[in-house]
Amino acid sequence: MNIGIVRYFLGWVLNIEAFLMLLPCATAVVYQDHTGIYFLIVMIMCWFLGWLAVHRKPKNTVFYAREGFVTVALSWVLLSFFGALPFWISGEIPSLADAVFETISGFTTTGASILNNVEGLSQSMLMWRSFTHWVGGMGVLVFLLAILPLAGGGYSMHIMRAESPGPSVGKLVPKVKATAKLLYLIYFSMTVIEVILLLAGKMPLFDALTTGFGTAGTGGFGIKNNSIAFYDSYYLQGVITIFMILFGINFNVYYLFLFKRPKEALKSEEARTYLGIILVSTLLIAWNVRSFFPTLFDAFHHAAFQVASIITTTGFSTVDFDVWPQFSKTILIWLMFIGACAGSTGGGMKVSRFIIWIKETLKELASLIHPRSVKVMKLEGKPIEHNIVRSANAYFIVYILIFASSVLLVSLDEFDFNTTFTAVAATFNNIGPGMGGVGPASNFSEFSVMSKLVLMFDMLAGRLEIFPMLLLFSPGTWRKQ
C-alpha cells in the first residue's frame, strides 16, 4: 500500500470540502444566520489539515487499484465526519453520532434522517444538508479528477471505477480527465435547468436550489417536514418527477445525444428497461390506489412521483405511501432493490445488473435443453465480458450477506420486522424512507447508536458498490508493496 499517495489525495479532498463550505457560509451571510461561524471554523480546520497532507508531494506516485479503492472509501469517511461537525458544534444536532448519520446520509444521497423537525434547522444548515446530496451524487473524487492536474497516470481510472455506481465504468472520451469534466458539465447543466423550471413555478429561490440539489443527487433531503407534499402544485411535483427519472438514466445516454448520436442513445437497453419498469409500476400502483384519491389522474400523478422517487433512490414523497395497499407497497419495495441505471446518480443494485442476471439465467436454462449450444450474452449490443458477469455475481452474494447481517444486528432494537427490514433496505440501497417506523412520515431517530453505526456502514457500502468499504477491513490491503 502506497500510504503517501493516499495521504496526498485525502489532503485534496479536505481542501475541496473546505471550498464547498463557502456555499453555506454565503447562505448564512444572506440570511444573517449566526451559524455561518461554525462552517468557517470547520473550513479552516479542513484547509489546515489538507495543507499538511498536500504541501509535500509523495516521492512514490505508484497508484494501483487498491490505492484507488482505499482512497475513495477513506475520502467518503473523512467527508462525512468533517461535514458533520458544523451540525454538532452548533448544537443543531446535539449528538455526534446523529450528526454523522445525517451527513453520511447526505453525501451518499440516501436521504434517511434522524431529524424530527427539519424546519427547525437554520438556513445555512439546510443548504449544507441539501448540498451534500449534490456533491455526493456525482462523487467528490470525480470532481477532483476534473479540476486538478494531478500526475501519476494510472490513478484516474481506478478512482472513477471505485466511486462511480454500476457494474462497469468506461471512458466517454479518450482521457479520463476529460470524461470527468464532461460528466460534471452534464450534471451541472441539468441541475440549472431544473432550478429554472422550479422558479418558473413560483418556488422560492432557496427552496428551488435545495430541491434541485436533492433531485440531481437523487438524495431526497427536503427542507419541509412533509417533504414535497408542501408544494401542492401539479406543475412543481411534475417537474421533480421528470428530473428524478432523468437523473436516474446513465449519463452515457446524454453524452450520445449531445454528440449527435441519438440512434445509439435510443438503443440503450438499460435505459429502455428502466423506463419500462417505471411505466408498468406506475400503472399498476395507480390502479391499485385509485380509491385513495379523488380522480384517476391524481392517483397516476402520485403513483408516478413515488415510483420515480423510489427506483431512483431519491426518497422525496408527496403522500404517506405507507398507508397504501400491500400490493403497491410490495412493488415499491421491489423498486428499492432494482434501483436506477449504472452511471447515474441513483442507488440500488442497478438495472444493468438485473439485466445481466436475467440473461445469465436464460442462458443457463437454454444450456440445459441444448448442452452443446454456444450463446453469447450481449448488453447494449456488445458481448458481456466474463469478468463483468463474475463481478455482478460476486456483488449479489456479498450484498445478500451484508443485508442479512445488517437486518440481524438492527433487529436487536426490537422494532417490528417491517421497520427493521425496510430500514436496512432504505439505507443499503441509498433510498431514505422505508416502511413502518421508518416510513415517509417517520425517521431513524429511535434507533440505537449501534444500529445507526450499522446503517451508516450500509449507506457508505451501498453508495460505493460495497467492495471499496470491505477492502478497508482486509489485512492484505495494508501490506507494503
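The sulfur of Cys 25 sits 11 Å from the closest cysteine sulfur, the one in Cys 46, and that is too far for a bond. A disulfide here means a pair of cysteine sulfur atoms within 2.5 Å, and the structure holds zero of them. Both cysteines are tucked away: Cys 25 counts as buried at 13% relative accessibility, and Cys 46 is buried at 0%. For these labels, buried is under 20% relative accessible area, exposed is over 50%, and partly exposed is in between, using a 1.4 Å probe and protein chains only.

Keep in mind that this is a predicted model, where local features need pLDDT of at least 70 and side-chain atom pairs count only at pLDDT 80 or more, while totals for chains, interfaces and linings use all residues. Residues are numbered from 1 along each chain as its sequence is written, and side-chain values use heavy atoms, with hydrogens and water left out.

Helices are DSSP runs of H or I with at least four residues, numbered from the N terminus. Helix 3 (residues 36-54) packs against helix 4 (residues 65-90) at an angle of about 145°, with the axes 9 Å apart. Those axes are lines fitted to C-alpha atoms over the stretch in contact, and the angle runs from 0 to 180 degrees between N-to-C directions.

Next, look at helix 11 (residues 234-247), whose 14 residues reach 20 Å from first C-alpha to last, close to the 20 Å expected at 1.5 Å a residue. That expected span is 1.5 Å times one less than the number of residues. Buried residues in helix 11 include Leu 236, Val 239, Ile 240 and Phe 243.

In the loop between helix 10 (205-216) and helix 11 lies Ser 227. Most residues other than glycine have a negative phi. Ser 227, though not a glycine, has a positive phi of about 55°, and this serine is buried, at 12% relative accessible area. Glu 414 also has a positive phi, near 65°, and belongs to the loop between helix 18 (386-410) and helix 19 (417-428). Glu 414 is exposed, at 69%.

Notes:
Helices (H or I, at least four residues) and strands (E, at least two) are DSSP runs, numbered from the N terminus.
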